[in-house]
Amino acid sequence: MAQTAEHRRLAECRDQGAPWRRWGPYLSERQWGTVREDYSGGGDAWDYFTHDQARSRAYRWGEDGLAGISDDRQVLCFALALWNGQDPILKERLFGLTNTEGNHGEDVKEYYFYLDSTPTHSYMRYLYKYPQQAYPYSRLVMENRWRGRRDLEFELIDTGIFDENRYFDVFVEYAKADPEDVLIRLTVCNRGPEPASLHLLPTLWFRNTWSWPDGTPKPVLRGARGDRRDGVLVEAFHEELGRAALQCERPELPVLVVENETNEARIFGRQGGSPYPKDGINDYLLHGRHDGVNPNMTGTKAAALWQPTVPAGGEVALRLRLRMGDGAVAGGFGLDFDRIFAARRAEADEFYKAVAPASFTEDEARVYRQALSGMLWSKQYYLYDVRRWTRERGGSAPRNGDWSHMYNADVFSMPDKWEYPWYAAWDLAFHTLALGLVDEDFAKEQLALTLRDRYLHPNGQMPAYEWDFGDVNPPVHAWATAFLYQLDRTRRGGTGDRRWLAQQFSKLLLNFSWWINRKDRSGRNLYEGGFLGLDNIGVFDRSAPLPTGGYLEQADGTAWMAVFCQHMVEIATELAREDPLYEDMVLRFVQQFLSIGSAMVRSGDDGMWDEQDGFFYDVLRRPDGRAERLKVRSVVGLLPICACAVFEPQFRERLPEVVDRVRWLLQDRPELRRFVHPLDKPGHNGRRLLSIVNEEKLRRILAVMLDEDEFLGPYGIRSVSRRHADQPYVFRTEGQEFRVAYVPAESDSGMFGGNSNWRGPVWMPVNAILIRALLMQYLYFGDEFRVECPTGSGRMMTLFGVAQEIARRLEATFLRDANGRRPVFGGTRKFAEDPHWRDCLLFYEYFHGDNGAGLGASHQTGWTGVVATLMQFFASVSPESLLEGGRGTVFGDMAGRRGPSAPEGGAAATGGPQRPVVEPAASTPAA
């Protein structure tokens, strides 16, 4: 791969500790309404700290802002505030509905787009669409309040506020001259037919760390007086951060300074607190209350005020510069400013041209770049000390009470910085599959975070998410670990980060033990797990006590554990290259996999496999011992095909003792191989397949999965079979009826707040792991194995072809169709036809099962960003190279170059380790 300027910056970060990542988009899009800010008695986070209070009330654990940046400890923050002269409040943060206000749960009601970013944030570009009329806060709340769960959401664009293009496009760009010198360009475009005025307030403030128990020394911001020749508007000093200065090309702009502290009178109805509270700038501008800002121009929050009038169809721009240290320099806005900006923008173009496959069309390159840029913008500093939070609440905790060891203080890749401004364990693993394409070091750090001692529970459980750390997410970290290690090793010329791999393995062992000890209550290798991130996919809430009593043996939980085993085999095999002690772990996880597989597919009326239907189902175990299958056709029944791994012939040569012990095990315990795919049956190129399903079961499951009347939709694999539209599954017990029907769009169930739906829509992460499974099976079966795709079409495909077809449908969600429309935007004409909207992409949480329209969180650029990984794979790897070269070819092609290591299973030509390379299983989306 070409070494671009951005690649060199990444190398400086890794090899020299250069702080290029110190400043980035680490502000949340929403801090209000979060668990961290909840100090209520009953734990109602949404109602305790509302959007309406946010402008007047100091946060405890973080900050939010519009198009903002901060340092990586979120000490000093910069963001944009806007006022169109009509709004009832200053626009400082994004507005949205709370979980109870929205007819489908919480929902942001703004239009903003992450257009561009490099991994070090040397260049970033953001777009916010700001109406010129008063923002319709009340109407959005009222309209969505009366709508039911079967109704569409009422969106901002539905109010007509963008009619006649009466809005501003506000572009915010950042370019780093060096790690401590950030150039800022604010460009306002008037899309309307008449001149329009705007108040634009670039704002600098300190996160409040001084008002709380055991607070830090109070920092200070000072607004400049008069026409400063060096353009400094605000000077800052913080004991930890040191000095900083915000410069502006318009030094005459007035500066308003207040304290980032609560307006006690407005929020709590009591006297006290600062006379210049957090909302003083809002009140100064909107209500003329000049006594709310400090005439001495000192405080902890400061905003410059610029009031341009933008001509119809025209634009205006403002340039600023945020410098750390003592180095505010005169002349910071001459030719050098524009030269640096132009250079960083060109370097961003150069970087994405180097990492993206050359075969991409212009539109494919756009989708790829915005998917990854969105993920890079979705980083957030996350601070949450559970012990301190509980102590500050008087010792009571409505949630997370048994996670008192938790101390979170890191930059995370977030699922969605407005709707989900907190990390989620399995989301994060999928994020790294895409982040690894552009910044494998950051991806590896992310994957290690939740396994650290201050995150991982002493019992071995990984924290799930802020609302309930003790809930359970699917164990996909081992898969992501194996993927990142192999990708990183290829890019490093065949030398992998074995220390990181060993650390991951040791922590994953703890997590695996937790699953064994806590989620297999009967000791029969059949696992529970609760909702497993799939919210309402089941007949009833899988995290709550069942209405029948008893418990569920879950097909997805059990399949996830089989996948966990396989990737632990892969990691242990890699570590065994240099340390034979890991050979025992290889055997241990092979044995555990076989035990899970044989338990899962055993015959009988109480097994998960239904021979008549050719499908897997959850099994309900009643208190009296009776069992029955819950025959919901969902992704739960597809996931068992994902428990598959391929072993190259060299595995048997390199680890003969392990092979002999596995052979003995299968002879001694024939029940372990009775139902799973025969491990001793050679496939293409002598490969062996470790799989829960044999060839017959695979064909039967695929016949269902690839049926367009069931799972195969025009834009990917649906989460529930479409047959349940006319034939819903109904379960009755003790006078109660529980029903699962195909619901292709938003949820019609209140389960888990009703803010997501697994009863029909397409979800990118599940599609990605199904594609990985198909490619694994292809490595074993080769071109001779073909299935009908779609089922009933007469069109026969190899498994590579099937995987590619599913990926093509997923990608088509975002790409322009023959009419120039993008399915992701549904029927919204503005997005489909307006040149200022149609290329501004959103990577939603999930997608309509029939038409591909984006649903759920609009900026869930995390796991939906995996579409970039799929695009890169199928543009880089041919079926011939995959089949013959195996994983060595896969990672070499995806990394953009081939390293010196030999093809899969071989050692490097020269200088290889004494213990040869052994790679039993691939772990890319292709692997």
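Me: Which residues does lysine 91 touch, not counting residues up to four places away in sequence?
Reply: This is a predicted model, in which local features need pLDDT of at least 70 and side-chain atom pairs count only at pLDDT 80 or more, while totals for chains, interfaces and linings use all residues. Residues are numbered from 1 along each chain as its sequence is written, and side-chain values use heavy atoms, with hydrogens and water left out. Contact here means heavy atoms within 4.5 Å. By that rule, lysine 91 touches Leu66, Leu80, Ala81, Leu82, Glu110, Tyr128, Tyr130, Tyr135 and Tyr137.

Me: Is lysine 91 buried or exposed?
Reply: Lysine 91 sits in the loop between strand E3 (76–83) and strand E4 (96–97); helices (H or I, at least four residues) and strands (E, at least two) are DSSP runs, numbered from the N terminus. Buried means under 20% relative accessible area, exposed over 50%, and partly exposed in between, with a 1.4 Å probe and protein chains only. The relative accessible area of lysine 91 is 0%, so lysine 91 is buried.

Me: With which side chain does the side chain of lysine 91 make a polar contact?
Reply: A polar contact is a pair of N or O atoms within 3.5 Å; within protein, one must be able to donate a hydrogen and the other to accept it, and residues adjacent in sequence count only if both atoms are side-chain atoms. For the side chain of lysine 91, such a contact is found at 2.6 Å, and the partner is the side chain of glutamate 110.

Me: Which backbone oxygen lies 2.9 Å from a polar atom of the side chain of lysine 109?
Reply: Lysine 109 is in the loop between strand E5 (107–108) and strand E6 (112–117), and at 1% relative accessibility it counts as buried. Leaving aside neighbours within four places in sequence, the contacts of lysine 109 include Tyr135, Glu153, Phe154 and Glu155. The backbone oxygen at 2.9 Å is that of phenylalanine 154.

Me: At what distance does the side chain of histidine 405 reach the backbone oxygen of leucine 456?
Reply: Histidine 405 lies in the loop between helix H9 (386–392) and strand E21 (407–413) and is partly exposed, with a relative accessible area of 23%. Apart from neighbours within four places in sequence, histidine 405 is in contact with Asp453, Arg454, Tyr455, Leu456, His457 and Pro458. The side chain of histidine 405 reaches the backbone oxygen of leucine 456 at 3.2 Å.

Me: Why do the buried residues of H18 line one face of the helix?
Reply: In H18 (residues 656–668), the buried residues are Val658, Val659, Val662, Leu665 and Leu666. Seen down the axis of H18, these residues fall within an arc of 120°, taken from the directions from the helix axis to the C-beta atoms, so they line one face of the helix. On the other side of H18, the exposed residues are Glu657, Trp664 and Gln667.

Me: Against which helices do the buried residues of H18 pack?
Reply: An α-helix has 3.6 residues a turn, so residues three or four places apart point the same way. The buried residues of H18 pack against helix H15 (583–600) and helix H17 (649–654).

Me: How many of the 11 residues of helix H23 are buried?
Reply: Helix H23 covers residues 866–876 and is largely enclosed by the rest of the structure. Among its buried residues are Val866, Leu870, Met871 and Phe874.

Me: What is omega for the cis peptide bond that joins cysteine 789 and proline 790?
Reply: Most residues other than glycine have a negative phi, and most peptide bonds are trans. Proline 790 is in the loop between strand E33 (786–788) and strand E34 (796–798). The bond joining cysteine 789 and proline 790 is cis, with omega at about -5°.

Me: What is phi of leucine 532?
Reply: Leucine 532 is found in the loop between helix H13 (498–518) and strand E22 (551–553), and counts as buried at 0% relative accessibility. Its phi is positive, in a residue other than glycine, and is near 50°.

Terms used: The expected span of a helix is 1.5 Å times one less than its number of residues.
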